[in-house]
Amino acid sequence: MSAASPVQPSHPQLAVSAAIFRDGKILLVRRARSPAKGFYSRPGGRVEFGETLHAALHREVDEETALKIEIVDLAGWREVVPGTGGGGGHYLIMSFAARWNCGEVVLNDELDDFKWLAPDGLSDLKLTGGLQEVIQSARRVLGA
C-alpha cells in the first residue's frame, strides 16, 4: 500500500488532543493530510505503546507546533468509528484542557495553518466533529 492509503489497524487506536488556551484564545491547527485534511482541529495524535497520556500529549504538541504546554485536566473524549468521516480508522481521542507555557507555533508537515481565535469566533471554519463541545468543556475546566 502507498503512504496515501495506509492500512488501518483492526483494533481501536488511542489518541490525545490539546485544547490550548493563551490569553483567552484557543489554538486551532489545520490538517494537511487525511484523515480530516483541510479541517481545523486541536493538536494531537496517537499514543505510543508504553507512553502515558500526558507524555503523548506533550510529545504530539511539541512535534506538531513546537509549543510547551501545561496540561490541566481531561476536557472530554470522542470516539471516531469507521464510516463516520474519521478516515476509516477507529479512534478513541482523549482531549485535555491546557495552557500555553512558552514558544511560538512552528508547524510540522502534518499541518498547513494555525490560528489563535476567540472560542466563540469559529463559525466560519471547517471544524472536526465534536470540536466545539470539547472547547466549551476545556473553558469550564480552565475557568476561561
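A salt bridge here is a side-chain nitrogen of Lys or Arg within 4 Å of a carboxyl oxygen of Asp or Glu. This is a predicted model, in which local features need pLDDT of at least 70, side-chain atom pairs count only at pLDDT 80 or more, and totals for chains, interfaces and linings use all residues. Residues are numbered from 1 along each chain as its sequence is written, and side-chain values use heavy atoms, with hydrogens and water left out.

Select Glu-51 and Arg-59: they form a salt bridge, with the closest N and O atoms 2.7 Å apart. Arg-59 is buried, at 19% relative accessibility (buried means under 20% relative accessible area, exposed over 50%, partly exposed in between; 1.4 Å probe, protein chains only).

Next, select Asp-112 and Arg-30, whose side chains meet in a salt bridge of 2.7 Å, N to O. Asp-112 lies in strand E7 and Arg-30 in strand E2 (residues 25-31), so this pair ties together parts 82 residues apart in sequence. Strands (E, at least two residues) are DSSP runs, numbered from the N terminus.

Finish at Arg-42, in the loop between strand E3 (40-41) and strand E4 (44-46). Which side chain of opposite charge is nearest to Arg-42? That is Glu-133, 7.7 Å away; Arg-42 is buried and has no salt bridge (Lys and Arg count as positive, Asp and Glu as negative; His and the chain ends are not counted).

Conventions: Helices (H or I, at least four residues) and strands (E, at least two) are DSSP runs, numbered from the N terminus.
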